[in-house]
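Work through the exercises below with the sequence and the model side by side. Try each task before reading its solution.

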Amino acid sequence: MSDVVEKTLTALPSLLSLDSQPGSAKLSSNSKLGNLIRGITELTSKHEEEKLIQRELLLIKEQVSSPNTTMRQMKELMVRAIYCEMLGYGVSFSYIHAIKLAQQGNVLEKRVYLAVSLFLNEGHELLLLLVNTVLKDLQSTNLIEVCMALTVVSQMFPKDMIPAILPLVEEKLNHPREIIRRKAVLALYKFYLIAPNQVQHIHNKFRKALCDKDPGVMSASLHIYLQLIQENPEGYKDLAPSFVTILKQVVGGKLPMDFNYHSVPAPWLQIHLLRILSLLGKNDQTSEIMYEILDESLRRAEMNHNITYILYECVKCIYTIHPKSGLLEKAAKCIGNFVLSPKINLKYLLKALTYVVQQDPKLALQHQMTIIECLDHSDLIIKRETLELLFRITNDQNVTVIVEKMLDFLRISEDDHTTIDLVGKVAELAEYAPDNEWFIDTMNTVFSLGGDLLQPDIPNSFLKLLSEFDSVEEDKKLRLFAVNSYISLLQGDSSKLPQRFLQVICWVLGEYSHLREDLEPGVVVRLLAKLLDMKSSSSETKCWVLMAMTKLCPGGAALALVHDVSETYSSSLDTMLRQRAQELQILSQDSELQAKVLPRSASMEPVEVDSSLSFLDGFVSEALAAGAAPYKPPHQRQEELSRSKLNLEPYGLSLPISISSCSITDRQSPTLLSISSGLSGDSTDFSHKGSTALKLDGVKRLWGRDGYLAQKEQTEEAPRIEAASAVRSADQLGDNNALNSQTPNPTPSPECDQEKQQLASSLFVGLASQSTPAELSALSHSKVTLLFSKQNLDVSACHVQKEDSVVLVVFISNCSDSFLHQIRLQVDSEELETEEYGAMWLAFSHDTKQNLTLIHDGRDPLAATLDVLKRKLQLHVVEIIVEAIVACCLQQDQPCLMHCRMHAGMLAVWLRSPVPDLPDCLLYCCQ
Amino acid sequence: MLRFLLLFNRQGKLRLQKWFVPTSDRERKKVIRDMIMLVLPRQPRTCNFLRWKDLKIVYKRYASLYFCAGLEEQDNELLALEVLHRYVELLDKYFGNVCELDIIFNFEKAYFILDEFLMGGEVLETSKFAVNVSMEQADTLQETMEEYMSKPAY
């Protein structure tokens with residue numbers, strides 16, 4: 001009897017609760033979920049699993065819709081539904097039940113919110129049904145209900161319903177419990193992310209949260225501030241000292257022990273603060289107050305080897321803010337430790353070297369052997385990061401080696417995204433091409449590897465480059481080479497070539513195959529016709545083929561082929577194709593018309609386009625008469641926008657950092673890239689390629705200043721060594737060992753090592769720092785920026801700090817060995833017409849705006865100011881139109897355009913130039 | 001900010017999924033498939049970071065389970081590893097020497113812990129103690145309510 005009682009008693013708990021015991025880790029042996037999971041694990045095939053789940057889902061469906069199911073059973077059903085959904089089966093029928101449960105349930109069922117948040121996405125129509133429940137729960141006096149409501153609100157809430165609950169969430173910022181305040185802050189952060197304009201009015205409450213007595217609430221508010229500061233760093237400069245103080249307290253261990261993570265005080269908070277500081281200190285003098293604390297956290301993080309994440313963030317911050325030499329050195333050392341570390345995760349941080357490279361390329365040279373090793377690393381990810389680094393130190397002396405490495409990687413990479421990215425980079429780098437053959441070959445590889453994933457702008461810019469080359473002779477050679485290479489490609493197996501590549505080939509052959517005199521147009525046409533017959537050719541490619549044929553206009557036997565082709569396609573279903581075929585048909589019969597429509601000699605001249613769109617005048621006047629608003633050019637609209645806001649912040653002197661820092665963070669555009677290589681002291685002009693004297697010059701400076709004088713000879717020879725003598729290689733062995741003793745990595749074998757050495761010297765060639773005059777080295781100065789170089793002369797600029805002022809120094813340096821007898825610097829102004837000005841204005845990308853005060857000396861203030869500017873800057877006034885003046889100044893071959901406009905007693909000036917630093921320098925002079 | 005957090009085992013079975021930004025079903029399936037394909041074949045002693053489209057992927061293996069998080073461009077990868085580690089510690093504290101089975105059978109608990117730890121993709125509470133307290137409170141409430149409900153009404 002007692003036995004029976006005992007058995008009943010032991011069975012009781014499992015009868016009462018269908019679920020596992022909360023808090024216990026024990027598996028509930030007889031819960032339905034447990035059975036389901038066990039059932040699935042016993043199955044052997046996917047098919048069986050599918051059957052089982054379908055059966056299970058049917059059961060769940062039946063039970064949830066039955067009115068007799070209790071709340072608790074419902075909850076259990078939801079858990080099973082979540083599980084099925086996780087396995088990838090659709091359980092949309094249960095969504096409505098989850099919401100219903102959340103609506104009617106008491107506290108016990110509130111955890112069903114979880115099911116809702118897992119099932120439904122932002123924007124799901126059923127979410128609207130939830131708004132009321134959330135509202136009710138937010139007003140609840142039960143802490144846990146409020147917590148859950150806030151959690152669900154931050155996970156998914158319909159955008160348009162935010163105003164309904166916003167006041168309630170705002171109210172929670174004053175809640176006595178810190179956990180609620182913290183969740184409320186994060187919920188508001190989430191609202192800010194999805195609908196920034198709706199939380200604008202509570203910005204001062206964010207400040208209150210920042211000053212909250214609980215550190216948890218304060219750290220939650222940093223999320224919002226990080227976001228706000230990212231969008232508008234100027235507006236929060238005043239908070240910088242507060243952030244510094246907070247960081248000081250955190251680093252100093254003033255927070256409660258609760259916030260420690262493995263004896264590191266609040267690492268998440270620290271990282272947030274460091275990121276905020278780097279945003280605030282970027283290009284700004286406020287950086288000064290940060291130096292001390294950065295130094296301190298760097299020191300503390302270094303003491304404990306585990307906290308590399310703080311070190312890494314510190315280093316990033318130090319390189320972003322206004323530079324300080326002492327800190328930079330420490331940061332560089334820190335990165336050096338990362339790179340040399342045996343830990344693979346720290347090797348990955350190799351990319352941090354990019355920061356170093358931007359500041360001082362010489363430091364990268366210290367790590368060249370490590371970089372080479374990473375380049376051959378078995379982990380593809382490390383390899384890829386290394387290529388990223390190399391991409392940033394490319395100049396026209398090491399471009400061939402780096403591109404070769406990238407192409408090698410591309411051949412083994414399988415990831416589409418990586419391929420697209422790298423192909424883009426190679427195409428960018430290809431513009432450093434040392435010669436035509438290399439350029440065309442590289443682009444061929446790019447096109448065939450990139451396949452049809454290629455960004456469409458790559459073939460476009462390639463064709464553009466081909467069609468508008470500067471010198472006629474070079475030009476012809478390049479095109480001829482392209483034609484030759486494409487003909488031989490088509491003669492081979494062309495069925496494997498990607499469509500984009502085929503299109504490029506068609507265009508080039510159509511335009512330029514006449515350059516090769518021994519080539520019959522008929523041969524080309526026959527090759528092209530082969531493409532039409534291929535099954536893989538898309539109809540777009542076929543259009544390109546037909547267009548190329550139209551341009552070629554052959555005679556003789558090929559004419560019949562052309563007729564056949566046009567005949568076939570003129571009845572095609574594709575309208576584009578049909579049109580091209582018709583064109584071909586007509587133009588091939590009428591050679592006179594063909595010569596008129598597609599004049600061969602003038603193919604390089606731009607087609608005349610009526611850019612003023614005068615043929616639309618009638619339409620415009622009609623629209624104006626009907627009450628439409630007159631057109632405003634974009635800059636005018638911009639100005640009207642900016643007029644509404646007053647800029648009270650002083651402008652920082654930010655010329656050099658802006659360049660370096662933006663090239664650190666962003667993926668580089670080709671223009672940025674060329675600057676950074678310009679910064680790295682590479683004075684070789686494109687037109688001077690091949691002049692060895694210049695190349696050696698760059699190398700010599702690099703090694704001379706770096707203390708690696710022993711390597712000097714070797715590096716100079718490096719580019720040629722690969723092809724040349726073994727005797728010389730034997731000579732270098734001694735040098736190699738000398739360098740290897742500096743790196744802690746063991747040398748595998750001299751031969752292998754030498755290969756690496758050669759690779760290193762060909763990779764890092766031309767990475768020297770800009771030399772500065774001796775007079776400058778005594779004063780503290782910002783980074784020297786190369787404005788432009790001509791032949792052996794560099795014109796550079798930098799800010800120099802004198803005792804009580806900052807001066808902009810522009811200096812000319814002679815980078816060749818020969819003495820210059822006479823330098824005549826002349827700042828020329830060329831006469832420009834308004835139309836030319838307009839065209840140039842659109843072509844130049846680097847835009848700077850500044851407001852200047854007008855000079856009042858009794859005359860027309862505009863004229864007076866202009867006169868002064870004219871004298872100072874060697875301006876040349878192009879035209880004065882009513883209130884807007886167009887002025888332009890040209891410095892040597894680097895023009896800078898200026899556009900002025902008067903308003904509100906100020907002179908607003910826009911400067912544009914192809915040289916990014918020129919406007920900055922000029923603006924500086926204007927002040 | 002974290003974009004998503006996935007837990008899957010060595011056989012590629014998904015154990016937990018959390019999306020911090022709205023993601024469509026199709027996109028979710030694609031991400032899950034890609035992550036499993038990317039992470040599982042990784043050799044030991046390779047680095048814990050990957051790139052996938054414009055995201056940084058940080059993963060770490062704990063026993064038979066892979067924890068895999070997707071991060072945005074400007075996030076600190078090393079810190080994300082610590083986020084994963086802290087989550088494991090929290091699970092460990094709650095379940096007491098956590099194993100994959102705990103997460104399989106009590107996955108809703110794992111979700112609750114995650115909700116206390118991360119909110120909207122950002123770290124909310126880093127203290128092991130505090131997370132545990134709020135978990136316990138919620139659990140106790142649930143227990144008492146269950147008890148209360150199961151009592152016969154007099």
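Helices (H or I, at least four residues) and strands (E, at least two) are DSSP runs, numbered from the N terminus. The model is predicted: local features need pLDDT of at least 70, side-chain atom pairs count only at pLDDT 80 or more, and totals for chains, interfaces and linings use all residues. Residues are numbered from 1 along each chain as its sequence is written, chains are lettered from A and ligands numbered from 1 in the order in which they are written, and side-chain values use heavy atoms, with hydrogens and water left out.

**Exercise 1. The two chains**

Task: State how many helices and strands chain A and chain B have, and what share of each chain is buried.

Solution. Step 1: count the elements. Chain A has 45 helices and 10 strands; chain B has five helices and seven strands. From the N terminus they read β-β-α-β-β-β-α-α-α-β-β-α.

Step 1: apply the burial cut-offs. Buried means under 20% relative accessible area, exposed over 50%, and partly exposed in between (1.4 Å probe, protein chains only). Of the 927 residues in chain A, 51% are buried; of the 154 residues of chain B, 64% are.

Step 2: look at contacts, that is, heavy atoms within 4.5 Å. In chain A, 63% of the contacts between residues at least 6 apart in sequence join residues at least 24 apart. In chain B, residues 24 or more positions apart account for 49% of the contacts with a separation of 6 or more.

**Exercise 2. The interface**

Task: Describe the area buried between chain B and chain A.

Solution. Step 1: the size of an interface is often given as the accessible area lost when the parts come together. Here buried area is the accessible area (1.4 Å probe) that two parts lose on being put together, summed over both. Step 2: count the partners. In chain B, 70 residues are in contact with 72 residues of chain A. Step 3: give the area. It is about 6700 Å², and carbon and sulfur atoms give 58% of it. Leu78(B), Phe105(B) and Met119(B) supply 11% of the area that chain B buries against chain A, more than any other three residues.

Step 3: turn to helix 2 (residues 32-42) of chain A. Its buried residues include Leu33(A), Leu36(A), Ile37(A) and Ile40(A). Their cover includes helix 3 (46-65) and helix 4 (71-86) of chain A, together with helix 3 (100-105) and helix 4 (107-117) of chain B.

**Exercise 3. Helix 14 of chain A and the residues around it**

Task: Is helix 14 of chain A largely enclosed or exposed?

Solution. Step 1: the expected span of a helix is 1.5 Å times one less than its number of residues. Helix 14 (residues 267-281) has 15 residues and reaches 21 Å from first C-alpha to last, close to the 21 Å expected. Step 2: 14 of these 15 residues are buried, so the helix is largely enclosed by the rest of the structure.

Step 1: go through the phi angles. Ala266(A), in the loop between strand 2 and helix 14, has about 35 degrees although it is not a glycine. His262(A), also not a glycine, has about 50 degrees and belongs to the loop between strand 1 (260-261) and strand 2 (264-265). Step 4: compare accessibility. Ala266(A) counts as buried because its relative accessibility is 5%, whereas His262(A), at 47%, counts as partly exposed.
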